[in-house]
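Here's a quick tour for anyone meeting this structure for the first time. Take a look at the sequence and the fold, then read on.

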Amino acid sequence: MVVLKSYEPMKNHLSFACGGYAKFFCEVKNINELIEAIKLAKKLRRKFFVLGKGTNLLCPDEGYNGVVISTRKMQNISLTKYNEKVFVEADAGVDLFKINKLLAELGISGLEWSYGIPGTLGGAIFMNAGAYGHEIFEFVSYVDIYYRGKIKRLKKEKINFSYRNGGLNGKIILSAGLMLTSNKFEAVKEKQLSFMKKRIETQPLNYPNAGSIFKRNEKIIPAQIIDKLGLKGVIIGGAKVSEKHAGFIVNIGNATTKNILDLIDLIQKKVYDATKIKLEPEIKIMK
Ligand SMILES: Cc1cc2nc3c(=O)[nH]c(=O)nc-3n(C[C@H](O)[C@H](O)[C@H](O)COP(=O)(O)OP(=O)(O)OC[C@H]3O[C@@H](n4cnc5c(N)ncnc54)[C@H](O)[C@@H]3O)c2cc1C
């Protein structure tokens with residue numbers, strides 16, 4: 001059964017550790033409860049927002065005047081082996097650390113690059129998360145969605161994904177199937193740890209943040225441009241351009257969402273004035 005809490009501080013659910021309150025909030029444990037929560041929000045005539053682990057997200061300081069539905073307790077995952085291939089089916093709320101831990105234990109390759117991305121599978125698919133030359137849609141075979149009151153299975157070929165965009169706006173991701181490959185435990189673990197080492201060396205993981213703020217492409221590497229313009233260390237309120245990685249903004253203490261948005265704005269303006277490049281934020285804002 002879905003239980004709604006009221007006035008839940010969103011800073012407890014977002015990796016940036018800031019933002020206002022959700023008018024209503026619930027944590028669902030499975031697909032049925034997720035759909036029930038959406039129906040409940042509609043019955044209450046409230047908008048709703050599906051939240052993963054909040055690692056790519058800001059909530060306005062004024063809060064969210066609707067129902068926030070957290071998927072992080074949806075933890076079903078199953079694996080089926082076909083010779084060298086392994087098919088993994090998992091709920092939207094399963095986090096990438098848990099998936100990676102299981103894949104290492106069972107010696108299954110494919111997602112090592114994602115070890116250290118702190119989100120859920122649903123969030124990763126919605127964002128088409130990627131790193132070190134890979135992205136999640138390379139491995140997705142289908143996504144089960146809830147759309148216009150119906151559950152539907154979308155094969156990868158029918159999904160219009162692109163860089164950091166899963167092409168599923170307006171659709172609720174329930175679960176997904178991924179095709180991976182058998183390997184040796186040691187090989188998988190070693191690869192995962194080498195990616196994690198790179199993250200620890202290059203990312204400001206000791207402060208609340210939400211990963212890269214701006215999208216990159218083959219031509220534009222935002223962190224390099226921001227660094228060249230001398231913007232590392234620039235502070236607005238409690239928000240600071242990381243000195244360790246210029247593509248990250250960190251919350252150095254009591255940052256408001258407005259501080260972070262003002263800093264994003266400032267960076268965009270400085271970069272545009274100097275280069276005529278319009279940096280596009282990767283981070284989402286709850287609306
Ligand atoms: C330290 C750090 C490092 C990071 N490194 C990377 C990286 O290397 N590569 C990368 O791509 N990202 C990275 N990120 C960003 C982030 O972790 C990913 O985008 C992640 O996939 C987001 O997942 P989430 O569960 O936190 O989604 P959330 O932040 O909760 O949500 C993001 C968006 O997805 C939507 N969403 C979530 N679940 C569902 C669902 N079930 N159905 C429909 N919509 C849904 C939300 O509504 C929201 O619009 C990093 C973040 C941090 C903090």
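## Around Thr 257

Setting aside neighbours within four places in sequence, Thr 257 is in contact with Cys 18, Gly 19, Leu 58, Cys 59, Pro 60 and Asp 61, where contact means heavy atoms within 4.5 Å. Keep in mind that this is a predicted model: local features need pLDDT of at least 70, side-chain atom pairs count only at pLDDT 80 or more, and totals for chains, interfaces and linings use all residues. Residues are numbered from 1 along each chain as its sequence is written, and side-chain values use heavy atoms, with hydrogens and water left out.

**Helix α6**

- Thr 257 sits in helix α6, which covers residues 257-275; helices here are DSSP runs (H or I, at least four residues), strands are DSSP runs too (E, at least two), and both are numbered from the N terminus.
- With a relative accessible area of 1%, Thr 257 is buried (buried means under 20% relative accessible area, exposed over 50%, and partly exposed in between, with a 1.4 Å probe and protein chains only).
- The Thr 257 side chain reaches the backbone oxygen of Cys 59 at 2.6 Å.
- Lys 258 is in helix α6 as well, and its side chain makes a polar contact with the side chain of Asp 262 at 2.7 Å.
- A polar contact is a pair of N or O atoms within 3.5 Å; within protein, one must be able to donate a hydrogen and the other to accept it, and residues adjacent in sequence count only if both atoms are side-chain atoms.
- Lys 258 and Lys 184 are 74 residues apart in sequence, and their C-alpha atoms are 47 Å apart in space.

**The ligand and its shell**

- The ligand is surrounded by 34 residues, and the closest are Val 50, Gly 52, Thr 55, Thr 120 and Gly 130; a residue is near a molecule if one of its heavy atoms lies within 4 Å of it.
- Sorted by class, the shell has 16 nonpolar, 13 polar and 5 charged residues.
- For those classes, Ala, Val, Leu, Ile, Met, Phe, Trp, Tyr, Cys and Pro count as nonpolar, Asp, Glu, Lys and Arg as charged, and the others, Gly among them, as polar.
- At least two shell residues come from each of β3 (48-51), α3 (121-127), β9 (130-131), β13 (172-182) and β14 (209-212).
- Which element gives the most to the shell around the ligand? That would be α3, with 5 residues.
- An oxygen atom of the ligand is 2.8 Å from a polar backbone atom of Gly 52, and a ligand oxygen is 2.9 Å from a polar backbone atom of Lys 53.
- A ligand oxygen is also 3.3 Å from an N or O atom in the side chain of Arg 164.
- Taken alone, the ligand exposes 980 Å², and the protein buries 94% of that; accessible areas come from the Shrake-Rupley method with a 1.4 Å probe, and for residues, only the protein chains shown count as cover.

**Two residues with positive phi**

- Arg 164 isn't a glycine, yet it has a positive phi of about 50°.
- Arg 164 is in the loop between β12 (150-155) and β13, and it counts as buried at 11% relative accessibility.
- Arg 45 isn't a glycine either, and its phi is positive at about 55°.
- You'll find Arg 45 in the loop between α1 and β3, where it counts as exposed at 77% relative accessibility.

**Cysteines**

- How many disulfides does the structure hold? The count is 0, with a disulfide taken as a pair of cysteine sulfur atoms within 2.5 Å.
- Cys 18 is in no disulfide, and the nearest cysteine sulfur, that of Cys 59, is 8.5 Å away.
- Cys 18 is buried, at 2% relative accessibility.
- The sulfur of Cys 26 is too far for a bond because the closest cysteine sulfur, in Cys 59, is 15 Å away.
- Cys 26 is buried too, with a relative accessible area of 1%.

- Ile 38 lies in helix α1 (residues 31-43) and counts as buried at 1% relative accessibility.
- Beyond four places in sequence, Ile 38 is in contact with Phe 48, Ile 69, Tyr 146 and Ile 172.
- Ser 175 lies in strand β13 and is buried, with a relative accessible area of 11%.
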